[in-house]
Amino acid sequence: MITGKLLGDGNLFQSPGRQARLRFSHRMEDKEWTYHCYHELKQCIPLVMPKYRKIADPRISAGYTEHYYSQSRNSKYFSELMNIWYPQGKKILPFTFLERYLNVLALAWFYQDDRCLIMKDSKIKKIILSTECFTMEENKLLAQLIYQKFHIQFSQDKQNRLLLYDQKQILYFLHMIDPYLHSCMNRKRRLALFLPSKLPGKRTTIKLPLSITIKFPTEEIYQILDTLPKLLSLLKSKNGYRNLFINDYFLEDFTNTKKSYQIIIKGKQRDLLEECNYISGLNNSQITELCYRINKMDDNEISNHLNQ
């Protein structure tokens, strides 16, 4: 949790002759988040109850901003962390430390500390992690570390922020951190529930690699899609979703050479296909190929994906 705070809006400071302290501050709108962080952290470290403060800010029309902040008592522990995070008096990214302590919980707290989920027309467009206070090289290495740990590839923009555009990776990221998102951060999670379209079946193009031999497209693809309930159970399982994702089942294109088939998908299969798409961001062709792969697994392999 402290790692997430120091990546985000938390900081360490030290008065002359004193041990260091941890401090974090959030705007008025995120008062609940400030108190949540306080209640979680006070179980481990001595923290002062959050306090209100008004700060003059001529950049905005009101002329001031309102915040709630909390800080710890002086502690040798934070002086040790200060040596790691502020070796020359300025915050850096300590990668040896992050390799050990950057886990899903830390990433979730980092995300909630004033990071953005950009929506347009009820669709998720991108996720932004505000990392402007670090150097371009540090952020490049941070993106590499996030990929190494979570198989999620952020890019950098001209403002030195980390951005995530790929729908499959965005949906997996939100799925992964969701257990650690506070209710006051609903603007940063995917809230809409899946609702079947209830549209009649329509002709759909399914592209499959040449390695999958199809002689009778409609019949055989229907048989492949009979695996949709198994796929959906994997996607709805924390471990199943994770294992499919990190084992490269979510590649942009599973193969380069594909053959197209025109079939009509309707009824229960259409609903299951739409729900799998909603959860994973995979298109119909990718879902069909994933069904084919899962159909080749035995029950033990599927169980391993669910339980690892």
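Which residues in α9 meet which residues in α10? The legends below start with that contact.

**Figure 1. Helices α9 and α10 in contact.**
Leu231, Leu234, Leu235 and Lys236 of α9 meet Lys238, Gly240, Tyr241 and Leu244 of α10. Contact means heavy atoms within 4.5 Å. The model is predicted: local features need pLDDT of at least 70, side-chain atom pairs count only at pLDDT 80 or more, and totals for chains, interfaces and linings use all residues. Residues are numbered from 1 along each chain as its sequence is written, and side-chain values use heavy atoms, with hydrogens and water left out. Helix α9 spans residues 228-236 and helix α10 spans residues 238-246. Helices (H or I, at least four residues) and strands (E, at least two) are DSSP runs, numbered from the N terminus. The two helices pack at an angle of about 100°, with their axes 4 Å apart. Axes are lines fitted to C-alpha atoms, for helices over the stretch in contact, and angles run from 0 to 180 degrees between N-to-C directions. α9 and α10 are therefore roughly perpendicular to each other. The cut-offs: under 35 degrees is roughly parallel, over 145 roughly antiparallel, 65 to 115 roughly perpendicular, and the rest oblique. By class, the contact of α9 with α10 has five nonpolar, one polar and two charged residues. Here Ala, Val, Leu, Ile, Met, Phe, Trp, Tyr, Cys and Pro count as nonpolar, Asp, Glu, Lys and Arg as charged, and the others, Gly among them, as polar.

Rings of Phe, Tyr and Trp (its six-membered ring) pair if their centres lie within 6.5 Å; planes under 30 degrees apart count as stacked, over 60 as edge-to-face and the rest as tilted. The count by this rule is 10 aromatic pairs. Trp33 and Trp109 make an edge-to-face pair, 5.3 Å centre to centre with 65° between the planes. Trp33 sits in helix α2 (residues 31-41) and Trp109 in helix α5 (residues 104-112), so the pair ties together parts that are 76 residues apart in sequence. Trp33 is buried, at 0% relative accessibility. Trp109 is also buried, at 2%. Buried means under 20% relative accessible area, exposed over 50%, partly exposed in between (1.4 Å probe, protein chains only).
Tyr35 and Tyr68 form a tilted pair: 6.2 Å centre to centre, 55° between the planes. Tyr35 belongs to helix α2 and Tyr68 to strand β4 (residues 64-71), so this pair ties together parts that are 33 residues apart in sequence. Tyr35 is partly exposed, at 23% relative accessibility. Tyr68 is buried, with a relative accessible area of 12%. Ring pairs link Tyr35, Tyr52 and Tyr68 into a cluster.

**Figure 2. Charges over rings at Phe13 and Phe24.**
Arg23 lies over the face of Phe13, 4.2 Å from the ring centre. The charged end of Lys5 sits over the ring of Phe24, 5.2 Å from its centre. A charge sits over a ring if NZ of Lys or CZ of Arg is within 6 Å of the ring centre and within 35 degrees of the ring normal. Phe13 is in strand β1 (residues 10-13). Phe13 is partly exposed, with a relative accessible area of 22%. Leaving aside neighbours within four places in sequence, Phe13 contacts Ala20, Arg21, Arg23, Gln71 and Met82. Phe13 and Gln71 are 58 residues apart along the chain, and their C-alpha atoms are separated by 10.0 Å.

Helix α7 (residues 167-177) is mostly covered, with nine of its 11 residues buried. Among them are Ile170, Leu171, Tyr172, Phe173 and Leu174. Lys168 and Gln169 are buried too. Pro179 lies in the loop between α7 and β9 (202-209). Pro179 is exposed, with a relative accessible area of 56%. The C-alpha atoms of Pro179 and Val104 are separated by 9.7 Å, although these residues are 75 apart along the chain.

His151 is not a glycine, yet has a positive phi of about 60°. His151 is in the loop between α6 (136-150) and β7 (155-156). His151 is partly exposed, at 26% relative accessible area. Asn160, also not a glycine, has a positive phi of about 65°. Asn160 is found in the loop between β7 and β8 (162-164). Asn160 is buried, at 8% relative accessible area.
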